[in-house]
Amino acid sequence: MLSIKCPFCGYRSQKEFAYGGDGTVKRPELNQEISDDKWNEFVYLRKSPRGKHVELWHHVAGCRQWFKVQRDTVTHEIFQTAKMNEEIK
Amino acid sequence: MSQSYRLSNEGLLNRNKAISFKFNGKKYTGYEGDTLASALLANGIHLVGRSFKYHRPRGFFGAGVDEPNAKLQIQLNGHSEPNVNATEFELVEGIEASSQNCWPSVEFDVGAINNFLNRFFPAGFYYKTFMWPKSFWYKIYEPFIRKAAGLGVASIKKDKERYEHKYEYCDLLVAGSGPAGLSSAYAAAKNGARVILAEDKPRFGGSLLTDDVTIDNLSGKAWTDKIITELKEMPNVIIKNRSQVFGYYDHNMTVMFERTGDHLENKPKYTPRQRLWYIRAKEVLLSTGSIERPIVFGNNDTPGIFLSAAAKEYIKVYGVLVGKKPLIFTNNDSAYETALEFKKQGVHPIILDTREEHSSELIETAKSNNIQIKFSYAVIAANGYKKVKSALIGKLNKDKTDFENSETIECDCICVSGFWTPTVHLASQSGNKLKFNDQIDAFVPDKSKQNETSVGASKGTFTLKETLNDGFKTGFNLSKKITKNNNSTSTPNSNETKKNPHDKFWCSPLPKDKNYKRFVDFQNDVAVSDIEVALREGYRSIEHVKRYTTLGMATDQGRTSNLNGLQLVANVEKKIVPQVGHTTFRPPFTPITIGTIVGREVDMEYMPTRKTPMHTWHEKNNAVFVDAGAWKRPRYYKQGNENLFEASKREAKNVRDHVGICDVTTLGKIDIKGPDAAEFLNRVYTNAWLKLPIGKARYGVMLREDGIVMDDGTTTRISENHYHMTTTTAQAANVLSHLEYYLQVVWPELKVNVLSTTEQWAGAALAGPKSRGVLAKLFPDLDVSNEALPFMGYTEGSLFGIKAKIFRISFSGELAYEINVESDYGLFMWEKMMEIGKEFNIQPYGTEALSTLRIEMGHVAGPELDGRTIPYDVSLEGLVSKKKDFIGKRSLQKEAFNNSDRQKIVGLIPTDKKTSIPEGSHLVVNKDAKLPNPKLGHVSSSCWSVENNNPFSLAIVKDGKNMIGKKLFAVSPLKNSAIEVEVISSHYVDHEGKRVRS
């Protein structure tokens, strides 16, 4: 069970969080023409990198904030967590 | 023969308290402080079980977690538990133990014929034999194997014991209370760290209880007591015995189980039997010690053969002799200590040492005690069936591949030592890749992947002095890192006897023309010959050899067999052990009960039960409840002898004819506030929201980005920047997370806040042509006319002084209202409605009638919005805006979503107008067609239409609307039914929607 540092609440057990997928995916702007390929890429295609991965977590059983986590997908080491308006270095 | 192997003046038992117990039906006595094993051994009982495959007689081999054989069935406090390790289970009054895997008895076991047929049971026997014919597996092979190769019998009765879970956090967790653990915990605690010290056994001290050493001029036991007493007084220390750290997970999360109840004769009522601890430690110190490994020889599984350290522990801790004519068989010095302990008790052991004649402090001590030592000797095979009677021994040749001679010597036990294996399980679980240390012929921890450190024998340090030095230093350093304090503790003086290096000899050669079984893994009955077969048949990877032979796969996880197995593979393959590699160590370290894992989360405590404020009323009025997620909802209100079908028909009919009342508290409610709320809703829902006036509600559908319908519900504009959203009961939590995601991650520039208010509001729906009459009487000051409060209107009123929200919305398709009051007034509101509604023939209705009403109206719900349908599929195209963008809109342009023959919603009635159509039925053209019969769609919801008095169903069918008027068959192989149905519109009742607007 991971120990995740919520940027708002501090360290909490994984039990309190929900995983939210790749944190680098940007939703296309509204009201823009977009090709089938680009849209499909946004909806369906995700990388599954070995090693460092920036992902989203949601503190569901806590402050209910979404935030960014940089985690190693092999060792589960968490290098950094950040609020949505902060950068992962 | 009462306790004839018990010593009168040795051991750490409470001799004042005798304990009687039963084993295989016979009564015995032991003392408080005994384990089942030590008490049986004190009574001269060695034969405790039959082996897994060959049903060979088996006895005790170890004195703790190392035990591979003595797994017993235990009856205690009215429950039965299988596979209990007799060497770990503490004796309590009234316990009944029995042998497993034998029939009719352990003394005479029919299955032992397998032993004489053993050439028919080679490695992979099951794989090879029971493959063919396939149909034999379920009926013949599997039942047979299960019966013959069983361990104990799991109880089918409900476990009435109490189990608990506990969460704890600390700076330093120390696993194991031997010299390494005690010194580290002490140094860290003295330096201000919050320490948890866990000891698996009932007694602290580990090897200090049995080794002949002194620390600060105190015996090992006395020093242990001193340190433990001091630690117990420190507020920053938690000390737990009977507590085993059995798992090491990510981010230094360790799991420990504590045996809190089984050793108590009169367990207090609320004391749990076992407790599971989740411990998150900043640092973990592994002082888990080491386990002696055996030397392999012929018939080495005969009862009466022990690990030499176990024999010593039985003397020193339990005051029990495992034999009175011991033969000590060793490749190292430590077994000499066992010999000396025997000697102290007036027993004369003979030592066989595989090493050539040499001298060490221990050897000289043994010699001066007149102990007979035979150097360059080994046991060839043990003699005796149910108990060792003698041993065939021989002098090894120069390269130890054969014997120069052989002779038989009498003995009643053989104590064997093949040196020590560090217990690296937890280190390995933490991610530490182990390395092979050829000084000790075993794996030791390498680089840490998490914050863990091994100290003492668990990392291959076998001298006390070094261990204490390392322990005090490591405990101090780790604590300093956390507490930043600098109070170091000096290492005490210690005395121990110096030991010479061990000999790499691990397996006695087989003399020519002899075929003694030489076991590597006792618990799974894997012999040297089995592993050789596997290698001959081409298995190379140790992981494959393990699975093919089942080596090390028993519940003891190969604690005494892994390294010997690896040695054998390495020898045959002409490799060295590190090249062979080791198999994976997995939690739990020893088996734990399912009860411990489950904890309190059983029955009512399995998940929270959500009840609406009106729940007590429902109960009093014969509601039959149904689970809706965690909620309990009335399914129907039973009158007299009604069944579900009759009751729901009555309730639904009453809504259509008069007025019904339904508890809708469980609907998800989300408060949405902020200047950009309208814009946000406009992006979330498929229809337009920017122009919704204050005091109006609107029905909306929200999609996922992939175009699939996620949820539907109404949202009402309460004031300029305040909206009240409702969701379905099932999706309430998901919708909230969804909204939060878009507000926080995708469009953080929108000034909107969302908050769940599901629990804050109690809701009741008034539905039916007479609902307005009830409403008018409930709110006499309010104009509730169709003009003042039209369909999809919203107003607020005072319900006998209580603020109420009134929504004119309808799920039933009738004139209907939903009224919300603060939860505390929910019951009051409900009772008032029932009281006032009496003259209007009001009746409560449950979810079954609710479904009936919405199905015949063609309103979609969960069964239609099943995570596969888009708005076009379920007649919601009118709600999809062509002008504005919204979540999931781009996906709706996908070609597959626009195929004309896509499955769409229709209605169905059986052509006989009588037979109800089972939900889930497949729709086909020809019910008798050859399989696979092409499926056109499926029945999603079924009801008995109270309006038309015949069955009606909703279905999702290929080419939807074009099928209307056609006849199909609804087939359900599960119900063995094939019903001819006619496809009609999904709006079966009031398709113009007049009633809701009336």
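Colleague: Which residue stands opposite L56(A) in β5(A)?

Modeller: Happy to look at that with you, bearing in mind that this is a predicted model. In chain A, strands β4 (residues 52–58) and β5 (residues 66–72) run antiparallel. Across from L56(A), the position in β5(A) is taken by K68(A).

Colleague: How many bridges join β4 to β5 of chain A?

Modeller: Strands in a sheet pair through backbone hydrogen bonds, in parallel or antiparallel fashion. Here β4 and β5 of chain A run antiparallel, and the number of bridges joining them is 7.

Colleague: Which strands stand at the edges of that chain A sheet, each with a single partner strand?

Modeller: The sheet is open and has 4 strands with antiparallel pairing, in the order β3-β4-β5-β6 (chain A). Each edge strand has a single partner, so one side of it is left without a neighbour in the sheet. From one strand to the next, the twist averages 30°. The edge strands are β3 (18–22) and β6 (78–83) of chain A.

Colleague: At about what angle to β5(A) does helix α20 of chain B run?

Modeller: Good one, as it brings in the other chain letter! Helix α20 of chain B covers residues 732–746 and lies across β4 and β5 of chain A. Relative to β5(A), helix α20 of chain B runs at about 85°.

Colleague: What share of the residues in chain B is buried?

Modeller: Chain B has 23 helices and 50 strands, and its C-alpha trace spans about 115 × 70 × 55 Å along the principal axes. A residue is buried if 20 or more other C-beta atoms lie within 10 Å of its own. Of the 998 residues in chain B, the buried share is 50%.

Notes: Residues are numbered from 1 along each chain as its sequence is written. Chains are lettered from A and ligands numbered from 1 in the order in which they are written. This is a predicted model: local features need pLDDT of at least 70, side-chain atom pairs count only at pLDDT 80 or more; totals for chains, interfaces and linings use all residues. Helices (H or I, at least four residues) and strands (E, at least two) are DSSP runs, numbered from the N terminus. A residue is buried if 20 or more other C-beta atoms lie within 10 Å of its own, exposed if 12 or fewer, and partly exposed in between; C-beta atoms are placed from the backbone. Two strands pair if DSSP finds at least two bridges between them. Axes are lines fitted to C-alpha atoms, for helices over the stretch in contact, and angles run from 0 to 180 degrees between N-to-C directions. Two residues are in contact if their C-beta atoms, placed from the backbone, lie within 7 Å.
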